[in-house]
Amino acid sequence: MIDIKNDEAIKKMRIASQLAAEVLVMIAPYVQKGITTNELDRICHDYIVNIQKAVPAPLNYHGFPKSICTSINQQICHGIPGERALKNGDIINIDITVIKDRYHGDTSKMFFIGTPSMQAKRLVRIAQECLYLGIQQVAPGKQFGDIGAVIQKHAEKNHYSVVREYCGHGIGTGFHEEPSVLHFGKPGTGEILKPGMTFTIEPMINTGKRHTKLLSNQWTVVTKDHSLSAQWEHTILVTASGYDILTFREEEQSLIDKTA
Ligand code: MF3
Ligand code: CO
Ligand code: CO
């Protein structure tokens, strides 16, 4: 059963989601050559706990040891912050989930360290377009397969692949609620979208093949062929007329207009 949020729940989803978005804005100036992912984790943790008076959802989630996920280069998702320092040319996904007043907001974005390769730049842009194209499918009466289909089509048209083992998810008082939101599939399939549903779309796009490997830390997912991977994530509400991006950041406006 896919939960339909009432007005009060939506209000709380909006607040939690905006807090998550604000963490990405706050951390941006720190994401520079030389900083370690542990330092990024500490800054985000302290901001969420002390300034936002919220809870970093990843910390202790099924044993996850840190407050954010940091996934670098060929890491697809669930990278664990550590002593690794960022270096020129790296690409990194920072994934933030906060809990406020019992509700979750979940969002991630890609950052470039110094000067990225043309390949990295293109991958990151196409992955972001995949997210926006998926979001633009969201409206009552549409189906989850419509979202997956446009994402897969855009990625594959650009000779990239879509990760299959990890997906978006319903979100609310639960971090991961029903349904699983696949980033591939066929139009006109899957459950029908209804106003009040809240879920994430978070495509993971690889320059190489789609296959994944789990590192021995039991969390970090990498591309099997060591190709680069990029991911962007938003928490979305289905409204009466379409969608609302609950984790929207002001910096995105021009890009989203271009994709529409
Ligand atoms: N934020 C991730 C997602 O988008 C989930 C991270 S789970 C963790 O669903 F335990 F790795 F933090
Ligand atoms: Co998510
Ligand atoms: Co996330």
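How far apart are the mean positions of the positive and negative charges of the protein?

1. Charges. The mean positions of the 28 positive and 27 negative charges are 6 Å apart. Lys and Arg count as positive, Asp and Glu as negative; His and the chain ends are left out. Each charge is placed at NZ of Lys, CZ of Arg, CG of Asp or CD of Glu.

2. Basis. This is a predicted model: local features need pLDDT of at least 70, side-chain atom pairs count only at pLDDT 80 or more, and totals for chains, interfaces and linings use all residues. Residues are numbered from 1 along each chain as its sequence is written, and side-chain values use heavy atoms, without hydrogens and water.

3. Fold. The protein has five helices and 15 strands. These are DSSP runs: helices are H or I with at least four residues, strands are E with at least two.

4. Size. The C-alpha atoms fill a box of roughly 45 × 45 × 35 Å along the principal axes.

5. Burial. Of the 260 residues, 57% are buried. Buried means under 20% relative accessible area, exposed over 50%, and partly exposed in between, with a 1.4 Å probe and protein chains only.

6. Contacts. Take the contacts (heavy atoms within 4.5 Å) with a separation of 6 or more: residues 24 or more positions apart account for 70% of them.

7. Cysteines. The count is zero disulfides, a disulfide being a pair of cysteine sulfur atoms within 2.5 Å. Cys 44 is in none; its nearest cysteine sulfur, in Cys 69, is 11 Å away. Cys 44 is buried, at 0% relative accessible area. The sulfur of Cys 130 is 16 Å from the closest cysteine sulfur, in Cys 167, so the two are too far apart for a bond. Cys 130 is also buried, at 0%.

Terms used: Chains are lettered from A and ligands numbered from 1 in the order in which they are written.
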